[in-house]
Amino acid sequence: MIESVDDSNVNDKNNLFGNRNDLQEVEDLDKIEINLGELDLSSQDETILDELDDFIQRNLQDELVNNALNKGVDLRQYSKQVEADLRMVENDSIEDYIKESNNISSLHKQIKACDGILETMENMLSSFQVDLRSISLEIQTLQEQSLCMNIKLKNRQAIKGELSQFIDEMIVPETMIFAIIDKQVTDQYFIEQLHELSHKLNVVKEQSYKGAMACNDVQEVLDKLRIKAVAKIREFVLHKVYQCRKPMSNYQVLQNTLLKYRYFFEFLLANHRQVAREIRDEYVDTMSKIYSVYFGSYIGKLMKLQFDDVPGKDDLIGLEDSSKAGIFSSKTTLKNRSTIFSLGGRGQVLTDLLEEPIIVPHTSQKTDKRYSYECLFRSQHFALLDNVCREFLFLCDFFLVSGNQANELFISVMGKVVTLFMKHMGSYIASSFDAIGIFLCIQIVHRYKMIMIKRDVPVLESYWSTLLDMLWPRFMKLVEMNAQSVKQLDSQKLGHIDIHPHYITRRYAEFSSAINNLNENFHDDRVGKCLGQMQLEVENFILRRASEFVKRKHHLVFLINNYDTMLQVIAEKTNDEAKQTFHETLNTKIREYVEEVLSSYFIGMMRFVNETEPLIEKGQSSQIKVNEGLIEQIIRDFSLHWKSAIENLNQDIMRSFSNFKNGNNILQATLTQLIQYYHRFQKILSNPPFNRLSSRSDLINIHHVMVEVKKHKTTF
């Protein structure tokens, strides 16, 4: 332990140092006084005096000097006293050091001992630092070794996985050999092992390209298994294909069975293309013959169900009605003639019956049921559509083809059937005179095209286009033949004419409305052109026929009845634009008829009004010659006969028009026109120079006429 030094010694030393400082300042003051005494004041050096004055002032500010001066102490004496005190303090300090010499020696020894200890500790820490550096190097080495070992472990694990997989893929287990050799091809375990065999064959082929020597050990075994599997699959598939050749076999069921084992053909295609090609060729040959025989027989049996009394070349709009033919006429009467020019229920083939099950011939023969050709056409082509869609999807699914390959394979199977249909349709279309039936077939084709597009089966697109190219010219030819029959019709051969609608008019209206109604869904401009020519010929025929009437009134009644018939039929069944033309023509003829029929009873009043009224409206009343006798005669005739004339008009008009509603409208228009004429007549008489006539008092009040007219207004 280091002993402490006495604090009093330290304080004495501090006092000593302070006294020494004070002593120095006193000595400086003494020197200043001495210097001042020695100074030559005669120099008059003001600068020096200023500096001395500053120096003195600074020293006088010292506390010790101020105290000494205040006490009146002599500074020189004070300086000596201080010096003596300093010597005394110094001597005391030396004595203190001598007294504490043992402690100082002990302190010195202790300091040396501490230095030794600290040196030992420094050596220990240095060796520890060296050890830590060597440990750090060892840790770094171990870390590098660990990282290297980790990489080696990952590599070995990766190699182990690939090597294990490679070994598993190269090994041919006994279970696979047993399944391929002994199990039936329809067994699910056989199919699973067949998938595994295909996988191993692909792996061995791939590894052999890479030069793997292990492939030589299993190649022979796998080849034998492949050959065995191919043989069993070939036998099974060909057996199913040959079953289709048996009479009354349901080939659709066999196709569904093959689809359950579609992987068989995929295996053959990958491992034995010759057998795959053999199976495909056998299937194509078998199904091509089956479809050809089936559709040939079906079309033949189906055509026997057609109506016996089909339309012939004489069943045209412009030819004489067979119902009016004599008993010696060579023309046969057609039982269903009404359906030649009208649609009737035949349009159901496009709606309710479009996707109905096909007609079964032997069932219909038992019930002796007969059909129009469009029904047979629908059944034939729906059977074709259904079988084509099913066959095309089967070919794509089982034989793994698409695009052009699928189309070529389909043509190989169904080509004969399509040719058969083309031949049949060509012979029928060339001999058909049923325009509505042909147009219904066109509409059926359009709808079946849409169905096949929805089913994503485009293989019959060329057939539909070819079929339409055959149907359209025939339809247009038939429409033209009907139009020409109307044009070439000799009115003289039709015999007596009456005012009722002509049967040719009704035929045209029914035919035109039927075609336009069918054309609304799949509109074609060719229809409008064909029917436009027919409309022109029919209107010309009506005008020719109407010109045979001697009386103008009968002429107009005939035209009104015929135009009204055409308008009513067309407006009821279609939105044909022709009805606007017919409506305008009908209104024009009605206005002419109203004038004509009124002139039969009130010709005098009407002529007077029509001649006089324009002059009054132009302000030329002075040019009017008043014939009082004529006016009196008009008033007298009207007063005597107006009621009976209205009654006769009512009977005449209602007898003349076959359409009661149209006849009533014409009657109302006639009576309205009569009231207008009478009102105009009274108005003329109220103007100069007729307002002074005495006969004006005999005029019937117009309200009486209006009351009588209202009696003939029918409410319905």
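Colleague: How are helix 10 and helix 11 oriented to each other, roughly parallel or oblique?

Modeller: Keep in mind that this is a predicted model. Helix 10 (residues 263-271) and helix 11 (residues 273-303) pack at an angle of about 135°. Angles over 145 degrees count as roughly antiparallel, so helix 10 and helix 11 are oblique to each other.

Colleague: And how far apart are their axes?

Modeller: The axes of helix 10 and helix 11 are 6 Å apart.

Colleague: Which residues make the contact?

Modeller: Helix 10 brings Phe265, Leu268, Leu269 and Asn271. From helix 11 come Arg273, Val275, Ala276 and Ile279.

Colleague: How many of the residues in that contact are nonpolar?

Modeller: The contact of helix 10 with helix 11 has 6 nonpolar residues, along with 1 polar and 1 charged.

Colleague: Where is Asp368 found?

Modeller: In the loop between helix 13 (361-367) and helix 14 (373-398).

Colleague: Is Asp368 buried or exposed?

Modeller: Asp368 is exposed, as its relative accessible area is 51% and the cut-off is over 50%.

Colleague: What about phi of Asp456?

Modeller: Phi of Asp456 is positive too, near 60°. Asp456 sits in the loop between helix 16 (435-454) and helix 17 (461-487).

Colleague: Buried or exposed, that Asp456?

Modeller: Exposed, with a relative accessible area of 59% for Asp456.

How values were computed:
Residues numbered from 1 in each chain as written. Predicted model: local features only at pLDDT ≥ 70, side-chain atom pairs only at ≥ 80, totals over all residues. Heavy atoms only, no water. Axes fitted to C-alpha atoms, helices over the stretch in contact; angles between N-to-C directions. Helix = DSSP H or I, 4+ residues; strand = E, 2+ residues; numbered from the N terminus. Parallel < 35°, antiparallel > 145°, perpendicular 65-115°, else oblique. Contact = heavy atoms within 4.5 Å. Nonpolar A, V, L, I, M, F, W, Y, C, P; charged D, E, K, R; others polar. Buried < 20%, exposed > 50% of the residue type's maximum accessible area, 1.4 Å probe, protein only.
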